[in-house]
Structures are given as C-alpha cells and as structure tokens.
Amino acid sequence: MLKLLSIYIVLFFTMFIYSGFNKIKNFHKKITTLQIKTKMPNFINVLGMFSVMVLEIFGSLIMIAHFYDPKLLPLQLTKLVSILFILFLVVVTMLYHPPWDKKIPFLSNLTTFAGLLIINQIL
C-alpha cells in the first residue's frame, strides 16, 4: 500500500514540479505579474518567487521521497514542507484566483488545498 501511495504522491506533486520549472523559464514575466499583483518592491517579489520555485521543485521532491521511503528524511522536515505548501496555496489563491473572480481556477486551487490537507493528515 505504501508504494501505491507514493505513486499517488508523485502524480499529485508533478504539477508543482512543472510549475516550478515553468517559473524558472518565465522568471521575468512572472516577476512582472507578481509586482503588479502585490505592488511590493522588486526585491521582495524576486525573493518570493525564488522561494516559491524552491518550494515547488525541492519541496515536491521532499514529499515524494518521504512517501517513497519515510526513513529517507526527518519527519519534521516533511511536515514543515507540507505546511509551507498549504500556506503557499492560500496566498497564491488569494493573489491569482480569489473566489470572487473566475470560479474554476478558484475551485481547482480549493481541490488542491484539500489534497494538501489530506497529505498533511497522513503525515
């Protein structure tokens, strides 16, 4: 059952890994969009975007590694990454897909949020 669960986790986090690499590829465009949304100084937007790329790529790999073999990494690290994903999704949903805007992207993020909550409970 654990190996099957690790396959589910790979499928779940594939989107985040892809998104992280997409942010690298389109970094300047992503920063410009973020700056319009946040109206914060460029340095903060760059730092935030870099942090998100690290979370999406390396955080996803940490989650996958944990569900492949729970002994590979400390459980506290995996739990921290799980909470960071949940917080990230709340922030990104409010910035890019708030409930009063288009419903499908909001509901998609809500579904992903529910998946992250379930994963967090499994830990």
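Reader: Between which two helices does the loop holding Lys-39 lie?
Author: Helices are DSSP runs of H or I with at least four residues and strands are runs of E with at least two, numbered from the N terminus. On this numbering α2 spans 27–38. Lys-39 is found in the loop between α2 and α3.

Reader: What kind of model is this?
Author: Residues are numbered from 1 along each chain as its sequence is written, and side-chain values use heavy atoms, with hydrogens and water left out. Local features need pLDDT of at least 70, side-chain atom pairs count only at pLDDT 80 or more, and totals for chains, interfaces and linings use all residues, since the model is predicted.

Reader: What is the phi of Lys-39?
Author: Most residues other than glycine have a negative phi. Lys-39 is not a glycine, yet its phi is positive. The value is about 55°.

Reader: Is Lys-39 buried or exposed?
Author: Buried means under 20% relative accessible area, exposed means over 50%, and partly exposed lies in between (1.4 Å probe, protein chains only). Lys-39 has 71% relative accessibility. Lys-39 therefore counts as exposed.

Reader: How many helices does the protein chain have?
Author: The pattern read along the sequence is α-α-α-α-α. There are zero strands, and the number of helices is five.

Reader: What is the radius of gyration of the protein chain?
Author: The radius is taken over C-alpha atoms, and the globule rule is 2.2 Å times the number of residues to the power 0.38. For 123 residues a compact globule would be near 14 Å, and the chain agrees with this. The C-alpha atoms fill a box of roughly 45 × 30 × 25 Å along the principal axes. The radius of gyration of the chain is 15 Å.

Reader: What percentage of the contacts with a separation of 6 or more is between residues 24 or more positions apart?
Author: Contact means heavy atoms within 4.5 Å. Buried residues make up 34% of the 123 residues. Of the contacts with a separation of 6 or more, the share from residues 24 or more positions apart is 67%.

Reader: At what angle do α2 and α3 pack?
Author: Two packed helices are described by the angle between their axes and the distance between the axes. Axes are lines fitted to C-alpha atoms, for helices over the stretch in contact, and angles run from 0 to 180 degrees between N-to-C directions. The axes of α2 and α3 are 9 Å apart, and the angle is about 120°.

Reader: What does that make α2 relative to α3?
Author: Angles under 35 degrees count as roughly parallel, over 145 as roughly antiparallel, 65 to 115 as roughly perpendicular and the rest as oblique. With an angle of about 120°, α2 falls in the remaining class relative to α3, which is oblique.

Reader: In which handedness of crossing does α2 pass α3?
Author: A crossing is left-handed if the near helix is turned anticlockwise from the far one by less than a right angle, and right-handed if clockwise. The contact includes Phe-27, Ile-31 and Leu-34 of α2 and Val-46, Met-49 and Met-53 of α3. The crossing of α2 past α3 is right-handed.

Reader: How are α4 and α5 oriented to each other?
Author: The axes of α4 (residues 75–96) and α5 (residues 103–122) come within 10 Å and cross at roughly 165°. The crossing is left-handed. The two helices are therefore roughly antiparallel.

Reader: How many nonpolar residues are in the contact of α4 with α5?
Author: Nonpolar covers Ala, Val, Leu, Ile, Met, Phe, Trp, Tyr, Cys and Pro, charged covers Asp, Glu, Lys and Arg, and polar covers the others, Gly among them. The contact includes Phe-85 and Leu-89 of α4 and Phe-113 and Leu-116 of α5. Five of its residues are polar and one is charged, while the nonpolar residues number 10.

Reader: What is the relative accessible area of Phe-13?
Author: Phe-13 is in helix α1 (residues 2–25). Not counting residues up to four places away in sequence, Phe-13 touches Ser-60, Met-63, Ile-64, Phe-85, Leu-116 and Ile-119. Phe-13 is buried, with a relative accessible area of 0%.

Reader: Which residues is His-66 in contact with, leaving aside neighbours within four places in sequence?
Author: His-66 is in helix α3 (residues 42–68). It is buried, with a relative accessible area of 9%. Its contacts are Leu-75, Thr-78 and Leu-123.

Reader: How far apart are the C-alpha atoms of Ile-122 and Asp-101?
Author: Ile-122 lies in helix α5, and Asp-101 is in the loop between α4 and α5. Both count as partly exposed, Ile-122 at 44% and Asp-101 at 43%. They are 21 residues apart along the chain, and their C-alpha atoms are separated by 32 Å.
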